[in-house]
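Please keep the sequence and the model in view while reading.

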Amino acid sequence: MSSPCDPAHSPVGDVGAALMIIDSRLKGIRDGKSGSSSEHQALVNQFATSLGPREVHDVLDGACTLIYMFMTWLRKAHEEHGKDVIEYVVPTLVTTMRMMPKSVRPEAIPTMAGLVVAAGTGLSPNLWRKQYGDWTEAEMNPLEATAFLLAEHINRITDDPDFATRMIAEALSSADED
């Protein structure tokens with residue numbers, strides 16, 4: 001029986017724009033710049049204000065697609081070692097978010113954990129979230145943080161600081177060729 005949260009029913013969104021935001025955050029952290037630097041936030045805000053409502057929604061869908069793709073990769077990597085991705089990824093993600101009270105308000109953490117669990121079990125994170133209503137302004141930073149933390153987790157596992165970004169870029173390139 002097909003779930004209403006099946007990824008086949010989900011819009012992909014603007015994965016490229018979402019990836020650009022996450023990649024710039026990853027590079028900023030790696031270059032020793034503050035994770036919530038005012039310069040980075042100003043650029044993200046400038047980018048967001050240049051978008052119309054439809055484009056903003058597309059970037060949100062793109063961020064959820066990134067989360068889905070990251071969790072799919074993590075699930076496969078954990079399964080190769082006989083481990084459960086939910087057991088090994090979600091507690092670390094939640095613990096890290098709890099240490100980020102300026103970026104991730106405590107009330108957003110359960111939603112972000114739910115997105116990750118949905119993706120880790122093969123469901124579309126954006127369709128899972130949609131059943132609870134529209135995105136809120138308070139969920140924007142936590143959504144970015146979730147995608148960022150998953151990408152950083154993948155980069156640490158692979159010992160390659162660009163692996164997560166490259167994996168998505170290669171997937172986008174191969175999709176364009178098809």
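The model is predicted: local features need pLDDT of at least 70, side-chain atom pairs count only at pLDDT 80 or more, and totals for chains, interfaces and linings use all residues. Residues are numbered from 1 along each chain as its sequence is written, and side-chain values use heavy atoms, without hydrogens and water.

Helices are DSSP runs (H or I, at least four residues), numbered from the N terminus. The axes of helix 1 (residues 15-30) and helix 3 (residues 53-80), which are lines fitted to C-alpha atoms over the stretch in contact, come within 7 Å and cross at roughly 70°. The two helices are therefore roughly perpendicular (65 to 115 degrees).

A salt bridge is a side-chain nitrogen of Lys or Arg within 4 Å of a carboxyl oxygen of Asp or Glu; the count comes to nine. Three of these pairs are listed here.

| Pair | Closest N and O atoms |
|---|---|
| Glu144 and Arg25 | 3.1 Å |
| Arg105 and Glu107 | 2.8 Å |
| Glu152 and Arg156 | 4.0 Å |

Glu144 lies in helix 7 and Arg25 in helix 1, so their pair ties together parts that are 119 residues apart in sequence. Both Glu144 and Arg25 are buried (under 20% relative accessible area, with exposed over 50% and partly exposed in between; 1.4 Å probe, protein chains only). Glu107 is exposed at 53%, whereas Arg105 is partly exposed at 48%.

Asn155 belongs to helix 7 (residues 140-158) and is buried, at 4% relative accessibility.

Notes
Axes fitted to C-alpha atoms, helices over the stretch in contact; angles between N-to-C directions. Parallel < 35°, antiparallel > 145°, perpendicular 65-115°, else oblique.
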